[in-house]
Amino acid sequence: MKNRLNRLYHLETFILMGLFILVTLVLSRVFISGRLLSQKAQQLTDAVCLAENTAELVRASDSKEDLAVLLDIGGNAETLTGTQDGSVTVRMSYDRDMKPSPQAYYTVDARIGDSGERKDEHDVAVRVYDPDGEEIYVLELTVSWQEVHHE
Amino acid sequence: MRKRENRGLLALFYQIGIITLFLGGFLVLVVFGAVSYRSAEAGKQTDDHSRAVLSYLSTIMTTNRGNEVYTYTDAEAGVKVLVVSDSDGENGWRIYVHDGELISDYALLDSELYPEDGIALGPATVLEVTRIRDDLVAVTTDEGTVYANVSRFRGDE
């Protein structure tokens, strides 16, 4: 009788410990995912800012070549050409604080292609990638080079 | 008799061990939760603040891109002021650092600065305005840099 009670007591203790470990694992996962979500929100804010800045530089430029020069801040950009559709992609790299840097934390691709409607119109897609190469944000715009005049 | 006493002691230690394990685990869980919460909350506050400042600057500059944008150094306050004029040319937004805060006030452009009546955008130590071209300006604060394509920029350098 006493042995049976002892066994039941141990069984109860083990079940309780199992439940406790399970709850601990679930809660730890919730806390970690909370941290990751917070980090992703910060990355999204940075990505929106980088895309908007790139869009403003696109708006200020008057040709693909001019844009490549404007986007290259301290050697953080490279121009990728030779794609089949004749588009040009300028790839820029920024550090964690969104400062231009050859060491990429954020990678921003500005792809300039023809819109197909008017000769002077170009479709521009700005894509921001996180350090794992995952796309965070896309901003698409159409720019007309002829409308921009520098003084 | 002695053997029974030993067994009782062993059971007591066993129970104390189990309780300590549960309480210790609970404590670690609470501390981990609190640290995670504080870290997420701090990240959220930083994120909210940088979003508010950068979006405000970007919106003010781009919605008034056809108007005059210039900087000057206010001799009385000793701060650099970024001015984005309104369409009437008489009023405008003046953005500057005052007492560790980034302030934006909307007032007559030739009036003195009124930081008390302005909107405090958040803590700031830096406001740098760099002319890249006549129609392109970069505004840098502690939160980052905002580029704006404006019709014409006039710096005070």
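Arg127(A) is partly exposed, with a relative accessible area of 26%. Buried means under 20% relative accessible area, exposed means over 50%, and partly exposed lies in between (1.4 Å probe, protein chains only). The model is predicted, so local features need pLDDT of at least 70 and side-chain atom pairs pLDDT 80 or more, while totals for chains, interfaces and linings use all residues. Residues are numbered from 1 along each chain, chains are lettered from A and ligands numbered from 1 as written, and side-chain values use heavy atoms without hydrogens or water.

Arg127(A) pairs with Glu135(A) in a salt bridge, with N and O 3.1 Å apart. The term requires a side-chain nitrogen of Lys or Arg within 4 Å of a carboxyl oxygen of Asp or Glu. Glu135(A) is also partly exposed, at 40% relative accessibility. Over all chains, 8 salt bridges are counted.

A second pair lies within chain B. Asp105(B) meets Arg94(B), with their closest N and O atoms 2.7 Å apart. Asp105(B) belongs to strand β4 of chain B and Arg94(B) to strand β3 of chain B, so the bridge ties together parts that are 11 residues apart in sequence. Helices (H or I, at least four residues) and strands (E, at least two) are DSSP runs, numbered from the N terminus. Both partners are enclosed. Asp105(B) is buried at 3% relative accessible area. Arg94(B) is buried at 0%.

A third pair crosses between chains. Arg133(B) and Asp66(A) form a salt bridge of 2.4 Å from N to O. The link runs from strand β6 of chain B, which holds Arg133(B), to helix α2 (residues 64–71) of chain A, which holds Asp66(A). Arg133(B) is buried, with a relative accessible area of 19%. Asp66(A) is buried as well, at 13%.

The helix that carries Asp66(A) is itself covered. In α2(A), 6 of the 8 residues are buried, so the helix is largely enclosed by the rest of the structure. The buried residues are Lys64(A), Asp66(A), Leu67(A), Ala68(A), Leu70(A) and Leu71(A).

Most residues other than glycine have a negative phi. Met98(A) has a positive phi of about 65° although it is not a glycine. Met98(A) sits in the loop between β2 (88–94) and β3 (106–114) of chain A. Its relative accessible area is 12%, so Met98(A) counts as buried. Asp99(B), also not a glycine, has a positive phi near 50°. Asp99(B) is placed in the loop between β3 (91–98) and β4 (101–108) of chain B. At 69% relative accessibility, Asp99(B) is exposed.

A pocket is an open set of points on a 1 Å grid over the protein atoms alone, where a 1.4 Å probe fits, with protein on both sides within 12 Å along at least five of seven lines; lining residues have an atom within 4 Å of a point. Points are joined across faces, edges and corners, and the volume is the space filled by probe spheres set on them.

The largest pocket has a volume of about 630 Å³. Its lining consists of 30 residues; nearest its centre lie Asp97(A), Met98(A), Lys99(A), Glu143(B) and Gly144(B). Two or more lining residues come from each of α1 (2–60) of chain A and, in chain B, α1 (2–63), β6 (127–133), β7 (136–141) and β8 (144–149). The most are given by α1(A), with 7 residues. By class, 11 lining residues are nonpolar, 12 polar and 7 charged. Here Ala, Val, Leu, Ile, Met, Phe, Trp, Tyr, Cys and Pro count as nonpolar, Asp, Glu, Lys and Arg as charged, and the others, Gly among them, as polar.

The second largest pocket holds about 450 Å³ of space. It is lined by 14 residues. Lys2(A), Asn6(A), Arg7(B), Gly8(B) and Ala11(B) lie nearest its centre. Both α1 of chain A and α1 of chain B supply at least two residues of this lining. Here α1(B) gives the most, with 8 residues. The lining of the second largest pocket divides into 5 nonpolar, 5 polar and 4 charged residues.
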